[in-house]
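Please look through the sequence and the model shown here, and read the report below alongside them.

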Amino acid sequence: MKTIFKRPLRAALCAMSLIAASLPGQAGAAETSYPLTLQNCGRQITIQKAPSRTVSIGQSTTEILYRLGLADKVVGTALWVGPVLKGYEDINAKIERLADNDPSFESVVGKKPDIVTVQFQWQVGPEGVVAKPEQFEELGIPVYTSPSDCVGKENSGSSDGVRHQVFTMDLVYQEIRDLAKIYNVQDKGEEVVADLKQREAAARAKVASAQGKLSAVFWFSSAKDADPYVAGRNGAPGYIMSALGIKNIIETDDEWPTVGWETIAKANPSMIVAAAMERRRYPLDSAEAKRKFLEKDPVASLMPAVKSGHVFEMDAQAMNPTIRTIEGIEALADAIAAAGLTQ
């Protein structure tokens, strides 16, 4: 009997192994083969080996590297909007911050990086304030740019750009997977993506009963005596609102257009989502300054959303196409539920 069933059993076990290997998350991803060539933001980049000295320009890209367990590969960072992801404070404190906003080209090169990772093309891009990618590549330093800032988006017209294609978290997942492949940590990349997808699904379920009943305006900041910068329909706030069944009262492809309060008041949004940040580039960067403005402005103060207290703060990083966008979905879902707007 043992002889009769030996081969069929072995064949069955082999078949089960093949099936298991084909299931997502059930088998390790293939090792990266170097040199690795990728198409990135309309350019071809080649990585000769797993990077060990990274300068990351942009908070979201930096936080993705941290989530992937690659903090020990980061030798310098720049362009910070707010505090680092919770749980990474000690790690981040040990890494040199080259600048809160725009680092100099010399300061980046001075860290002798073998790769520069970039969140926004206005920092490193065709018209980059830090440099053009070619300037780094002439020194043998490849530049990887977040797909969220170039896929379906035109950045030549203004610093914030015009997004012709609706942003989705798939672009952030692409960045996570690209970086995981560049550093040869693909399994960790899939783990991070799976966690973010599960969290979004839970947040959507929390306010499912409010689908189609609510509208909003996302307010990032305001320059002195100027109309507010609010979110267009195709960016990260648009994705957040779509995920939660909320109508965006701003219907433009511009990433962050300026719109007058009279126009906003006329649209009468159910809620105002105000960005909270540590950055102090404009007078109304802080959430506190925004609230004081809403209380005193003769137009905004009369809006039903302001009178009823439906002004919700959100981390500014969540309003950009970043790994924090999921946090934005979670935070807004919690605020809507707590305010009773799901009824």
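## The crossing of H8 and H13

In this predicted model, helix H8 passes helix H13 in a right-handed crossing. Two packed helices are described by the angle between their axes and the distance between the axes. For H8, which spans residues 236-243, and H13, which spans residues 325-338, the angle is about 45° and the axes lie 10 Å apart. With an angle of about 45°, the two helices are therefore oblique to each other.

On the H8 side the contact involves Ala236, Tyr239, Ile240 and Ala243, and these residues meet Thr325, Gly328, Ile329 and Leu332 of H13. The residues of this contact divide into six nonpolar and two polar, with no charged residue among them. An α-helix has 3.6 residues a turn, so residues three or four places apart point the same way.

## A buried helix

Helix H2, residues 59-67, has nine of its nine residues buried, so it is largely enclosed by the rest of the structure. After the helix comes Gly69, with a positive phi near 75°.

## Backbone features in the loops

Leu79, with phi near 65°, is found in the loop that runs between strand S4 (74-78) and helix H3 (89-93). Its relative accessible area is 7%, and because buried means under 20%, Leu79 counts as buried. Asn268, with phi near 50°, lies in the loop between helix H9 (261-267) and strand S13 (271-276), and at 39% relative accessibility Asn268 counts as partly exposed.

A cis peptide bond leads from Tyr34 to Pro35, where omega is near 0°. Pro35 itself belongs to the loop between helix H1 (2-22) and strand S1 (36-40).

## The chain as a whole

The protein chain contains 13 helices and 14 strands, and its C-alpha atoms fill a box of roughly 85 × 55 × 35 Å along the principal axes. Of the 343 residues in the chain, 51% are buried. Among contacts with a separation of 6 or more, 65% are accounted for by residues 24 or more positions apart. The accessible surface of the chain comes to about 16300 Å², and carbon and sulfur atoms contribute 52% of that area.

Methods
Residues numbered from 1 in each chain as written. Predicted model: local features only at pLDDT ≥ 70, side-chain atom pairs only at ≥ 80, totals over all residues. Heavy atoms only, no water. Buried < 20%, exposed > 50% of the residue type's maximum accessible area, 1.4 Å probe, protein only. Helix = DSSP H or I, 4+ residues; strand = E, 2+ residues; numbered from the N terminus. Axes fitted to C-alpha atoms, helices over the stretch in contact; angles between N-to-C directions. Parallel < 35°, antiparallel > 145°, perpendicular 65-115°, else oblique. Left-handed = near helix turned anticlockwise from the far one by under 90°. Contact = heavy atoms within 4.5 Å. Nonpolar A, V, L, I, M, F, W, Y, C, P; charged D, E, K, R; others polar. Areas by Shrake-Rupley, 256 points an atom, 1.4 Å probe, with all protein chains shown as cover.
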